[in-house]
Amino acid sequence: MARIEILVEEPSMKEFLGILLPNVIQEPWVLNENYFIRAFEGKNDLQKNIPSKVKYLSHWNHEKVGLVVMQDQDSADCKILKQKLVDLCEHNGNCSKLVRIVCRELEAWYIGDFEAVHKAYNNFKHQNYSTKAKFRFPDNCNAYDELRKILPEFQKVGGAKKIAPFINIDRNKSESFQQTISGLLKFFDSIKD
């Protein structure tokens, strides 16, 4: 059976993907059976652990394997950051890999689907924000800070658990989200036995 390891920088992304991906990725892929999501404690911890994961998967002598690395862009230059992560993978082994930079952060994906945020937080009036200029391109705003301003009760991990079930992959306005989902679907398909 093929295997994919998804490495993410924080628990909120793990929670989000753990709810979303089983609805998007079809059989034969089953979360925690043949694909796994591993959360780290920030960017430095993620990057420190990439070499050992790549080495481990590169010496996997059973079936096809793949590695997905996902990290928030935050204020970094997207191209430089992606190349750094690709280099970390390539210098430590030869397994199939997909590197995705989340522009700028996970919360932009929530802003990309205010309807999902409304369903998760019933008191949130998404119509008041959906048409505002600063939210038209969710990947360009300081999403976490903006979300905290308009939804003070929002918490990273709790928010991921609440919002993920309602995310509509076709409706989401975040280009980063769309590119990530599209990339994941293609990658999973390429790793099948």
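## Ser12 and helix α1

With a relative accessibility of 1%, Ser12 counts as buried (buried means under 20% relative accessible area, exposed over 50%, and partly exposed in between, with a 1.4 Å probe and protein chains only). Ser12 belongs to helix α1; helices (H or I, at least four residues) and strands (E, at least two) are DSSP runs numbered from the N terminus. When residues up to four places away in sequence are not counted, Ser12 touches Leu106, Lys156, Val157 and Ala160, contact being defined as heavy atoms within 4.5 Å.

## Basis of the model

The model is predicted: local features need pLDDT of at least 70, side-chain atom pairs count only at pLDDT 80 or more, and totals for chains, interfaces and linings use all residues. Residues are numbered from 1 along each chain as its sequence is written, and side-chain values use heavy atoms, with hydrogens and water left out.

## Overall architecture

The protein contains 10 helices and four strands. In sequence order, these elements follow the pattern β-α-β-α-β-α-β-α-α-α-α-α-α-α.

A compact globule of 193 residues would have a radius of gyration near 16 Å, and the 17 Å of the protein agrees with this. The radius is taken over C-alpha atoms, and the globule rule is 2.2 Å times the number of residues to the power 0.38. The C-alpha trace spans about 55 × 35 × 25 Å along its principal axes. Of the 193 residues, 49% are buried. Among contacts between residues at least 6 apart in sequence, 79% join residues at least 24 apart.

## The buried side of helix α9

In helix α9 (residues 156-163), the buried residues are Gly159, Ala160 and Ile163. They lie on the same side of α9, because they cover an arc of only 105 degrees around the axis; the arc is that of the directions from the helix axis to the C-beta atoms. An α-helix has 3.6 residues a turn, so residues three or four places apart point the same way.

The cover over the buried residues of α9 includes α1 (11-24), α4 (106-111) and α5 (114-120). Ala160, one of those buried residues, is also among the contacts of Ser12.

## Lys43 and helix α2

Lys43 is located in helix α2 (residues 43-58). Its relative accessibility is 25%, so Lys43 counts as partly exposed. Apart from neighbours within four places in sequence, Lys43 is in contact with Glu9, Gln71, Asp72 and Asp74. Lys43 and Asp72 are separated by 29 residues in sequence and by 8.2 Å in space, C-alpha to C-alpha.
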